[in-house]
Amino acid sequence: MSHAAELDAYWMPFTANRQFKQAPRLIAKAAGMHFWTPEGREILDGIAGLWCVNAGHARPRIVQAIQAQAAELDFAPPFNMGHPLAFTLADRLAQIAPAGLDRVFFTNSGSESVETALKMALAYHRLRGEGQRTRLIGRECGYHGVNFGGISVGGMVANRKMFGSLLAGVDHIRHTHDPERNAYSRGQPAHGAELAEDLERLIALHDASTIAAVIVEPVAGSTGVLIPPLGYLQRLREICNRHGILLIFDEVISGFGRTGAPFAAQRFGVTPDLMTVAKGLTNGCVPMGAVLASRALHDTFMTGPEHAIEFFHGYTYSGHPLACAAALGTLDTYAEEGLLTRGAALEPVWTEALHSLRGLPHVIDIRTIGLVAGIELAPRPGEPTRRAFDAFMDCWQQGVLVRTTGDTIALSPPLIIEERHIAQLVEAIGTALRRLA
Ligand SMILES: Cc1ncc(COP(=O)(O)O)c(C=O)c1O
C-alpha cells in the first residue's frame, strides 16, 4: 500500500484533502507551548491548537483530572439525572462569567452551543407570548460553526453556498472590516461604531416585532481577526434593548482569556443575554461547549407545571463527566496561573512585536487585541488565499504553527506564551514574508 493510500480513508475536515495527503503534516505529541511531529521536529504553537489550548498543552492538573474521572465515573445519563461535577462546573463558570449570566447549559462544541442559543432565543420569545419573533440576525463575515443554524446566521460564503436554502427568516447586518479607515489599529479601531446602526436598517425592513435575536462574535476570528470598533458593541446593545431583541455573543474563541479578560464581554464592557463558549472551556482536551444565559431568560422557562420538561433540547453528552473534569482542571489552571488576565499584561509586548511586521512585503494591515493578531496580506493576483497559505507552509517548515484564513495570518497562542516565543513567532513570519513571492 502506498503511503498516500494509507491516508485515504480519513476524510479530513476543512482541509484540502488531496494536497494534504501528498505531503502530510502530522503532529504526534504536545507539551506546553510546543507540538512535535512523528519525526521529533519541535513546532511552536502559535494558535493554541485551534484557538482552544489556552493553558498550553498537556497541563498536569487537566491530565490528572481526566485520568481520575475516567476511572471513577465514565458516563452518567444527562436527562433527568445528574452527576456532581456538572453542577460544580456550572457554578464555577457563573463565577467568572459577566455579571448576570449565571445559568449554564452544556453542549459538546461551539457549533452546538450556537444552535442551542438560537433555539433558546426563539423559545424564550414564544414563552413570553411573542412567538412571532422568529427572525434571527447574524453579521456578514461572521462564523458560528457549521450546523444549519450557525451557517444560516454566519456570513462566510464558502460555508453557506453549497448547502441549499438554510434557515428561513435570517438576515445579516454589515461587517465591521474597514481597512481604509482603520488599518494598523492597535486594539479597538477608532472608526465604525455607527455600523451598529445597520441593525436599525433591518428593523425598519422587517419590524422589530419579528426579530428574536442578533448574534455576533465580539472579536471575529475565522474571518481574519476583526476587532469591534470603539463603541460598536455598546451601540448594538442599546439598539437591541430599545427593540426587545436578544443579543447573543459567540465567545467560542474570544472566551477564556483570549482578549485579556475572562470573556470579551468583560473586556468591552457589554453584557449579552446569551453567550456561547467552547474550546478554552476544557483547554481543548475533551470536546465541550456551553451556553451561558441571563437569569431573566432562564427564569422565563421555569414557569410551566413543575413536572414538565422546560426546554426540549439537550445532547447525550451534555455535561459529560470527562469533559466536566477537564473543564474543572482547566479553570483551576487558569486561576492558579492568572491566565484569564495574562493577555492584558502581555498585550503591550505582543502588540509592539506584531506591529514590527508593518512595512514588510505584502502586509496591508495588522490587527491586534489581547493575545490575538491578524496580519492581512495582499492577495496574489488571481490566486486569493495562496500567498497566506505559502506563508503558513514556510512557517511550518521553520517550526512555527500559524493559521490562515483568506489572506490573513491569524495568531492566537496559548496564554502561557513567553516573550521569547513571541519573538520566535514574529521572526518566523517576517522571514516567510521576506522570501514569499
Ligand atoms: C465564533 C465561533 N463559533 C463557533 C465555532 C464552532 O465551534 P466548533 O468547531 O467547536 O463547533 C467556532 C470555531 O472556530 C467559532 O470560532
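This is a short walk through one protein, from its overall build down to a few single residues.

Keep in mind that the model is predicted. Let's start with the whole chain. The protein has 17 helices and 15 strands. Its radius of gyration is 22 Å, close to the 22 Å that the globule rule gives for 437 residues, so the protein is as compact as a globular protein of that length. Along the principal axes, the C-alpha atoms fill a box of roughly 65 × 55 × 45 Å. Of the 437 residues, 48% are buried. Now the contacts. Take those with a separation of 6 or more: 72% of them join residues 24 or more positions apart.

Next, the domains. How is the protein divided? Domain 1 covers 3–58 + 338–435, and domain 2 covers 63–337. Over C-alpha atoms, their centres are 25 Å apart. The two do touch: 36 residues of domain 1 are in contact with 32 residues of domain 2. Look at the domain 1 side. Helix H3 (48–51), helix H15 (339–355), strand S11 (363–369), strand S12 (372–377) and strand S15 (408–411) each give two or more residues to it. The largest share comes from H15, with nine residues. By class, that side of domain 1 has 16 nonpolar, 14 polar and six charged residues.

On to the ligand. Which residues come nearest to it? There are 14 residues around the ligand, and the nearest are Ser109, Gly110, Ser111, Gly145 and Val252. Helix H6, residues 110–127, gives the most to this shell, three residues. The shell has seven polar, five nonpolar and two charged residues.

Now a sheet. Strands of a sheet pair through backbone hydrogen bonds, either parallel or antiparallel. Here four strands form an open sheet with mixed pairing, in the order S1-S2-S3-S13. Strand S1 (29–31) and strand S13 (400–401) stand at the edges. Each has a single partner strand, so one side of each is left without a neighbour in the sheet. Zoom in on S1 and strand S2, residues 34–36. They run antiparallel, joined by three bridges.

First up is Val170, in strand S6, residues 170–173. Beyond its neighbours within four places in sequence, Val170 is in contact with Leu136, Gly138, Ser152 and Val153. Compare Glu180. Val170 and Glu180 are ten residues apart in sequence, and 29 Å apart in space, C-alpha to C-alpha.

The other two stand out by their backbone. Most residues other than glycine have a negative phi. Asn80 has a positive one, near 60°. Where does Asn80 lie? Asn80 is in the loop between helix H4 (60–72) and helix H5 (84–96). Asn80 is exposed, with 6 other C-beta atoms within 10 Å. Leu166 is not a glycine either, and its phi is positive too, at about 55°. Leu166 sits in the loop between helix H8 (157–160) and S6. Leu166 counts as partly exposed, with 15 C-beta neighbours inside 10 Å.

That's the tour. Questions are welcome.

Key
Residues are numbered from 1 along each chain as its sequence is written. This is a predicted model: local features need pLDDT of at least 70, side-chain atom pairs count only at pLDDT 80 or more; totals for chains, interfaces and linings use all residues. The radius of gyration is taken over C-alpha atoms; the globule rule is 2.2 Å times the number of residues to the power 0.38. A residue is buried if 20 or more other C-beta atoms lie within 10 Å of its own, exposed if 12 or fewer, and partly exposed in between; C-beta atoms are placed from the backbone. Two residues are in contact if their C-beta atoms, placed from the backbone, lie within 7 Å. A residue is near a molecule or strand if its C-beta atom, placed from the backbone, lies within 6 Å of it. Ala, Val, Leu, Ile, Met, Phe, Trp, Tyr, Cys and Pro count as nonpolar, Asp, Glu, Lys and Arg as charged, and the others, Gly among them, as polar. Domain bounds come from an automatic or database domain assignment. Two strands pair if DSSP finds at least two bridges between them.
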